[in-house]
Every structure is written in structure tokens, then in C-alpha cells.
Amino acid sequence: MTPKLKDRFLDKHGVEVYVKREDMIDQHISGNKWRKLKYNMLHALYSGREVAHRVTQCIITFGGAFSNHIAATAATASKCKMKAIGIIRGEELSEQPLNPTLAAAAANGMIFKFINREEYRLLTSKSEDVRLHPAIRHLVPEGGANWLGMYGCSEILRDVELASSSHDLREFDIVCTACGTGSTLAGMSLAAAPENRLIGFPVLKGAQFLESDVEEQLQWFYETHGIKLDPIYTGKMMKGIYQLIQQGQIADSRVLAIHTGGLQGIAGVELKTGKKLFDS
Ligand SMILES: *Cc1c(COP(=O)(O)O)cnc(C)c1O
């Protein structure tokens, strides 16, 4: 599904924005996290069969306590009947009771190991060295950011559901996504057409967008377009797109914005801030 946005601001600037709804893939395995997990899971499922009698298949990965990647990995592993271990940044005590992301992951059978930030940094900076138990078939880096993940992300643009918007990929002047590790953007660049200009909006702390403004815009965007965005990634991307239009840096163009998902994170943000982001 790739609906076209309609509002007066876009009309005025002669910009067409289409939103590719990767958020609709699944509630927990949403958007780019599914794309990144797809080939990682296939690899985990089909590698190492030569080990004599069947051991329980297990995947291990890393993430923060509110991570979309942790939520997605737990849900995917559960569907694939694999065990999943999540190495979570932060002390366990600070996460009791479990926040909504971890509670959902635990309900999907994920087992957690909580480690402090320093240990986490050491472990994730050289994760190839982590000694794997033979039952652990596959290690997925934080955010699913490896070659298999990137390759999966190329399918965001290869996916010809785009046809439902009656536009060919080549007809988009600009293709936008939110960036954390940048591997989604890198993967998309593998499939982009020469006509597309790719823009990645960095969202991590220290990036230029202020979270508080983003929250107000989420409400406006939802009321106007009926599409929920998350405050961490897609809300910032959309805000960035509107800012570039406002500044005249995007004009008279057809834009494809990727809704990379992340809506599972809303409950966690609401819990942290004590504010509801959406009325419904
Ligand atoms: C993880 C995530 C991103 C960032 O993806 P990277 O490949 O790390 O750049 C963007 N949007 C959502 C919703 C995400 O969960």
C-alpha cells in the first residue's frame, strides 16, 4: 500500500508525497525490521544442518530496552519456532516491571540477558568474537545491520506493490527514509533507480530534530492523513520532509517516503513521558 498524501501545504508547493506503508507488515515485526530479519532468519533456519542430531535452533541479538529490533526479532523467532536471546542494554532492575516492548518480547518467548552500557559497548563492538554455543545458529547485530539485513532492505524498493500507486519507481524524484545505523538506506540504494535521489534523515540523539516538536506534529499528521507515525523514527523523517519543502529544497517533486514502522515503540514512549501521543 502506497497512498498519496493530500493537504494544502503539499498542494501549495507542488509536491506529491507517497507513503509506502511498511508499518502495515505486522504489529511487532514492522517495516524495515522485518526486511532486515528476513534473510537473517532464513540463514539461521537453514545453516548448520550438518550438526548431527537436531539441536534447538536459536538466534541471538542485541538492543536497547525499547528497541523495535528486539520486538521484531522476538516475534519473528516465535513464528519460526526458534528460540531467541536478547542481550539488552541496561540493568535488569531498572526494567522491572518489563516495559511494553520487553513484555511483548517475553510473551513471544525471548530470553533476556541484561548488561550494563559499558559491557554492551564492548560486546557489540566486536560481536564476531562472541563465542556461540552450538545451539545458537545465528547472531544478528544490533538493529539487524548486516549484509543480510541490507539485502532485505533492498526489497523495500524492489517490491512492486508500488504498482498500486500507479507509479513506477523511476517516476519518484526523491526517496526518503529515517536513519539509525543507515543500513536501511544503504540497502535501498541497491535497488534505487538512477532517477531517484535518496535522502536519509538521521534520528539518533544529537541529530538536529527536537523530539518535543515531533510529538505535536504526530497528532496533526494523524488527524490530517489518518496515518500514525512513531516519534523516534518516522515522525522525524516526516517532519524533515515538510521542513525541506518549507525551505524550498524540495519543490515540484514526487516523493516516496518509507514508513519504516516502529509503532510498537509508541507505548514505551507514552510510559516514559506520561503523555498519550494519540487519542485513539
Ligand atoms: C530501526 C529503524 C529505523 C532505522 O533503520 P537503520 O537501518 O538502522 O537506519 C528507521 N525506522 C524505524 C521505524 C526503525 O525501527
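Start with strand E2, residues 58–63: six of its six residues are buried, so this strand is largely enclosed by the rest of the structure. Buried here means under 20% relative accessible area, exposed means over 50%, and partly exposed is in between, with a 1.4 Å probe and protein chains only. Helices (H or I, at least four residues) and strands (E, at least two) are DSSP runs, numbered from the N terminus.

Before going on, a word on the source: this is a predicted model, where local features need pLDDT of at least 70 and side-chain atom pairs count only at pLDDT 80 or more, while totals for chains, interfaces and linings use all residues. Residues are numbered from 1 along each chain as its sequence is written, and side-chain values use heavy atoms, with hydrogens and water left out.

Back to the strand. In a regular strand the side chains alternate between the two faces of the sheet. In E2, Cys58, Ile60 and Phe62 point one way, Ile59, Thr61 and Gly63 point the other way, and all are buried. From E2 the chain passes through helix H3, residues 68–79, to strand E3, and this β-α-β crossover is right-handed. Right-handed means that, with the strands pointing away from the viewer, the path from the first strand over the helix to the second runs clockwise.

E2 and E3, the latter being residues 83–89, pair in the parallel sense over six bridges. Two strands count as paired if DSSP finds at least two bridges between them. Within this pair, Ile59 stands opposite Ala84 of E3.

Leaving aside neighbours within four places in sequence, Thr61 is in contact with residues including His69, Ile70, Thr73, Ile85 and Val140. Contact means heavy atoms within 4.5 Å.

Ile85 sits in E3. With a relative accessible area of 22%, Ile85 is partly exposed. Between Ile85 and Ile70 there are 15 residues of separation in sequence and 9.4 Å in space, C-alpha to C-alpha.

In the loop between E2 and H3 we find Ser67. UniProt, in an unreviewed entry, has the annotation "active site" on Ser67. UniProt positions are given in the numbering used here, feature names are shortened, and annotations may be inferred rather than shown by experiment. Ser67 is buried at a relative accessible area of 15%. Not counting residues up to four places away in sequence, Ser67 touches Thr101 and Gln264.

The other annotated residue to look at is Lys33. The unreviewed UniProt entry lists Lys33 for "modified residue: N6-(pyridoxal phosphate)lysine". Lys33 lies in helix H2, residues 31–46, and is buried, with a relative accessible area of 10%. The side chains of Lys33 and Asn32 are joined by a polar contact of 3.4 Å. A polar contact is a pair of N or O atoms within 3.5 Å; within protein, one must be able to donate a hydrogen and the other to accept it, and residues adjacent in sequence count only if both atoms are side-chain atoms.

Next, the ligand. How many residues surround the ligand, and which are the closest? There are 15, and the closest are Lys33, Lys36, Gly180, Thr184 and Thr260. A residue is near a molecule if one of its heavy atoms lies within 4 Å of it. A ligand oxygen is 2.6 Å from an N or O atom in the side chain of Lys36. For the side chain of Asn32, that kind of distance is 3.0 Å, and for the side chain of Ser183 it is 3.2 Å.

Thr260 belongs to the loop between strand E8, 254–259, and helix H10, 265–273. Thr260 counts as buried, at 6% relative accessibility. Its contacts, leaving aside neighbours within four places in sequence, include Glu22, Asn32, Thr184 and Thr234.

Last, the whole protein. It has 10 helices and eight strands, and buried residues make up 51% of its 280 residues.
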